[in-house]
Amino acid sequence: MVLPNTKSGRGRNNPLPVEVADELKKLKARSRSEWVFPGNEVGKPICNITKAFKRTPKRAGLDDMRIHDLRHTYASNSAMFGVSLYQIQVILGHSSPKMTERYAHFSDDALRRGQSVVANAVFGTGSAASGGIGDRQPS
């Protein structure tokens with residue numbers, strides 16, 4: 001996906017996952033327009049999604065949600081699923097890792113899972129039991 005107009009003023013290419021491309025193709029197949037997201041004007045794409053976005057969370061029973069919240073959610077979920085902060089930085093188009101750190105928040109469960117990896121290695125419990133530090137005998 002080519003993003004010609006970014007906040008930084010520099011265009012960039014962001015590869016789409018196959019799953020996302022497949023969903024967009026399905027949407028396009030159902031559309032009578034040449035655009036996946038047609039605008040109100042025939043033959044034109046949607047140019048401002050703010051109004052449509054404001055209606056969607058309300059229908060889902062979510063209050064006080066901004067479109068920008070999706071970036072934070074994406075960054076946080078990516079981090080919790082193990083995507084590196086550098087990869088998240090590149091995907092979101094941040095020029096600085098500090099900005100990405102502000103976006104990527106971990107849930108308590110994700111932090112606990114991270115701590116468990118180390119605890120399992122140290123104490124030789126759980127899935128990291130084989131070859132864990134706790135399995136070693138003093139020399």
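1. Helices here are DSSP runs of H or I with at least four residues, and strands are runs of E with at least two, numbered from the N terminus. On that basis the chain has 6 helices and 2 strands. Their order from the N terminus is β-β-α-α-α-α-α-α. The model is a predicted one.

2. Of the chain's 139 residues, 16% count as buried. The accessible surface amounts to about 11300 Å², and carbon and sulfur atoms hold 57% of that area. Among contacts with a separation of 6 or more, 24% join residues 24 or more positions apart.

3. The largest nonpolar core has 6 residues: Ala75, Ala79, Ile88, Leu92, Tyr103 and Ala104. Helix 3 and helix 4 are the elements that give two or more residues to this core. As background, nonpolar side chains in soluble globular proteins tend to be buried together.

4. Ala104 belongs to that core. Once neighbours within four places in sequence are set aside, Ala104 is in contact with Ala75, Ser76, Ala79 and Leu85. Ala75 and Ala79 from this list are core members as well.

5. Helix 4 covers residues 85-92, and its buried residues are Ile88, Gln89 and Leu92. These residues lie on the same side of helix 4, because they cover an arc of only 105° around the axis. An α-helix has 3.6 residues a turn, so residues three or four places apart point the same way.

6. What do the buried residues of helix 4 pack against? Their partners are strand 2 (12-13), helix 3 (69-80) and helix 5 (97-103). Gly93 follows helix 4 and has a positive phi, near 80°.

7. Helix 6 has 16 residues, and the distance from its first C-alpha to its last is 22 Å, close to the 22 Å expected at 1.5 Å a residue. Gly124 comes after helix 6, again with a positive phi, in this case near 70°.

8. A search of the whole structure finds 4 salt bridges. One of them joins Asp109 and Arg112, with the closest N and O atoms 2.8 Å apart. Both residues lie in helix 6 (residues 108-123), 3 residues apart, which is about one turn of the helix. Asp109 is partly exposed, with a relative accessible area of 48%, and Arg112 is partly exposed at 46%.

9. Another salt bridge pairs Glu23 with Lys26, where the closest N and O atoms are 3.1 Å apart. This pair lies in helix 1 (residues 18-30), with a spacing of 3 residues, about one turn of the helix. Is Glu23 buried or partly exposed? Glu23 is partly exposed, at a relative accessible area of 45%. Lys26 is also partly exposed, at 45% relative accessibility.

10. A further salt bridge is formed by the side chains of Arg66 and Asp69, at 2.7 Å from N to O. Asp69 counts as buried because its relative accessibility is 19%, and the cut-off for buried is under 20%.

Key:
Residues numbered from 1 in each chain as written. Heavy atoms only, no water. Buried < 20%, exposed > 50% of the residue type's maximum accessible area, 1.4 Å probe, protein only. Arc of directions from axis to C-beta. Contact = heavy atoms within 4.5 Å. Core = buried A, V, L, I, M, F, W, Y, C linked by side-chain atoms within 4.5 Å. Expected span 1.5 Å × (residues − 1). Areas by Shrake-Rupley, 256 points an atom, 1.4 Å probe, with all protein chains shown as cover.
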